Amino acid sequence: MERTIETIKRDIGRLFKTDPHIHVNVTMRHPKVSVRNEPAQIIGMYPNFFQIEERGNGYTRRHTLQYNDVLMGRVEILELAQKE
């Protein structure tokens, strides 16, 4: 099945409603974010982005991520990757 922004929004929305606790891989340059298989929680969904909170290295950090980042592979939600 071809991934689109709409299918990504739908899948993330389903996780947000049923079980917002996820594991993520994030590799972005601007802003510089590098997260590998960290537990996180989806804390908000908006029309153009979503927010997660992760506790890597003992610090709580919030990240605002775009759905396009998931489509382009800069953000990987492992629970969604297992379904494919």
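Student: How many positive and negative side chains does the chain have, and how far apart are the centres of the two sets?

Tutor: This is a predicted model, and in it the chain has 13 positive and 11 negative side chains, with the centres of the two sets lying 3 Å apart.

Student: OK, and what helices and strands are there, in what order?

Tutor: The chain has 3 helices and 5 strands, and if you start at the N terminus and walk along, the elements come in the order α-β-β-β-β-α-β-α.

Student: How compact is the chain for 84 residues?

Tutor: Its radius of gyration is 12 Å, close to the 12 Å that the globule rule gives for 84 residues, so the chain is as compact as a globular protein of that length. Along the principal axes, the C-alpha trace spans about 35 × 30 × 25 Å.

Student: And what share of the residues is buried?

Tutor: Buried residues account for 38% of the 84 in the chain. As for the surface, the chain exposes about 5700 Å², and carbon and sulfur atoms supply 49% of that area.

Student: Which residues touch the most other members of the largest nonpolar core?

Tutor: That core has 19 residues, and the ones touching the most other members are I12, I22, V24, V26, F50, I52 and I77. At least two core residues come from each of α1 (5–18), β1 (21–28), β2 (33–45), β3 (49–54), α2 (67–72) and β5 (75–77).

Student: Let me pick I22, then; what is in contact with it beyond its neighbours within four places in sequence?

Tutor: Leaving those neighbours aside, I22 is in contact with L15, E38, P39, A40, I42, I52, I77 and E79.

Student: Switching topic: where is E53, and is it buried or exposed?

Tutor: E53 sits in strand β3, and because its relative accessibility is 16%, below the 20% cut-off, it counts as buried.

Student: What does E53 touch, not counting residues up to four places away in sequence?

Tutor: With those set aside, E53 touches A40, Q41, I43, T60, R61 and R62. Taking Q41 from that list, Q41 and E53 are 12 residues apart in sequence, while their C-alpha atoms are 5.3 Å apart in space. For I42 and E53, the separation is 11 residues in sequence and 6.6 Å from C-alpha to C-alpha.

Student: Which strand holds Q41, and what else does Q41 touch?

Tutor: Q41 belongs to strand β2 and is partly exposed, with a relative accessible area of 28%. Not counting residues up to four places away in sequence, Q41 touches P20, H21, Q51, I52 and E53.

Note on methods: Residues are numbered from 1 along each chain as its sequence is written. This is a predicted model: local features need pLDDT of at least 70, side-chain atom pairs count only at pLDDT 80 or more; totals for chains, interfaces and linings use all residues. Side-chain values use heavy atoms; hydrogens and water are left out. Helices (H or I, at least four residues) and strands (E, at least two) are DSSP runs, numbered from the N terminus. The radius of gyration is taken over C-alpha atoms; the globule rule is 2.2 Å times the number of residues to the power 0.38. Buried means under 20% relative accessible area, exposed over 50%, partly exposed in between (1.4 Å probe, protein chains only). Accessible areas come from the Shrake-Rupley method with a 1.4 Å probe; for residues, only the protein chains shown count as cover. Lys and Arg count as positive and Asp and Glu as negative; His and the chain ends are not counted. The place of a charge is taken as NZ of Lys, CZ of Arg, CG of Asp or CD of Glu. A nonpolar core is a set of buried Ala, Val, Leu, Ile, Met, Phe, Trp, Tyr and Cys residues joined through side-chain atoms within 4.5 Å. Contact means heavy atoms within 4.5 Å.
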